[in-house]
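Please read the points below with the structure open beside you, and look up each residue as it is named. The notes are written for someone new to reading models of this kind.

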Amino acid sequence: MAQVTGAIAQSVYSVEVSANATSWTVVSGAAAAISFSGGDIPVGEQFTADGEEAIVTTSNKNGPRDITVRCVYTEGASDAWKTVWDLYTGATKKMAVRWSPAGGTASTKRYSTAVAGAAAIVPIVSCSMPEQDSGSGDPLLFEFTVRAPGIYEETVSA
């Protein structure tokens, strides 16, 4: 295989959140990082009295994924903190998150939290208060995590 030429810089992504998975609020201007965990496929193993190797099976199911977004803390009424905190402390405690590794321009990929193959709100696992350190001049950050049973992939339209 020849060397790739279409590498995407890590810093050009976009992130949005939503209370309903249809109307989205851009939080990219506050987003400092996005990370992912989970999604493991449950695999079982069992040794028997006969044989040297274990029997290994797969469930053919995907575990849920945690999506964590770290953002700059600001106190504006429509800023990322207020938007996410209100959903976290609200009655449903759910939201949708979508992101585009290449920044969300036309014809790039975009991913979102999903249930049954469609973009959907999912449980909010946590929303941290911003940690503070009197010896630092860095901006305050907070982070939030959602847990999604699936990930929906689409191509951004023009």
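1. One aromatic cluster is formed by Y73, W81, W85, Y88, F142 and F144. Rings of Phe, Tyr and Trp (for Trp, its six-membered ring) are taken as a pair if their centres lie within 6.5 Å, and the planes then count as stacked when under 30 degrees apart, as edge-to-face when over 60, and as tilted for the rest. A search of the whole structure on these terms finds 7 aromatic pairs. One of them joins W81 and W85, whose ring centres are 4.8 Å apart and whose planes meet at 20°, so this pair is stacked. Please keep in mind that this is a predicted model, in which local features need pLDDT of at least 70 and side-chain atom pairs count only at pLDDT 80 or more, while totals for chains, interfaces and linings use all residues. Residues are numbered from 1 along each chain as its sequence is written, and side-chain values use heavy atoms, with hydrogens and water left out.

2. Where do W81 and W85 lie in the chain? Both belong to helix 1 (residues 80-89), and because they are 4 residues apart, about one helical turn separates them. Helices here are DSSP runs of H or I with at least four residues, strands are runs of E with at least two, and both are numbered from the N terminus. An α-helix has 3.6 residues a turn, so residues three or four places apart point the same way. W81 is buried, at 9% relative accessible area, whereas W85 is partly exposed, at 25%; buried means under 20%, exposed means over 50%, and partly exposed lies in between, with a 1.4 Å probe and protein chains only.

3. Which residues of helix 1 are buried? They are A80, W81, T83, V84 and L87. Their cover includes strand 1, strand 2 (25-26), strand 6 (65-72), strand 7, strand 10 (122-127) and strand 11 (141-148).

4. How many salt bridges does a search of the whole structure find? It finds 5 salt bridges. Among them is the one between R98 and E16, with the closest N and O atoms 2.8 Å apart. This pair links distant parts of the chain, since R98 is in strand 7 (residues 94-100) and E16 is in strand 1 (residues 14-18), 82 residues apart. Both partners are buried, R98 at 13% relative accessible area and E16 at 12%.

5. A further salt bridge joins the side chains of E153 and K109, at 3.2 Å from N to O. This pair, too, links distant parts of the chain, with E153 in strand 12 (residues 150-155) and K109 in strand 8 (residues 109-115), 44 residues apart. Here E153 is partly exposed, at 44% relative accessibility, and K109 is also partly exposed, at 37%.

6. Strand 8 also contains S112, which is buried at 1% relative accessibility. Contact means heavy atoms within 4.5 Å. When neighbours within four places in sequence are left aside, S112 is in contact with W24, V97, R98, W99, A119, G150, I151 and Y152; R98 is the residue whose salt bridge with E16 was described above.

7. The structure accordingly holds 0 disulfides. Both cysteines are buried, C71 at 0% relative accessibility and C127 at 7%.

Key:
A disulfide is a pair of cysteine sulfur atoms within 2.5 Å. A salt bridge is a side-chain nitrogen of Lys or Arg within 4 Å of a carboxyl oxygen of Asp or Glu.
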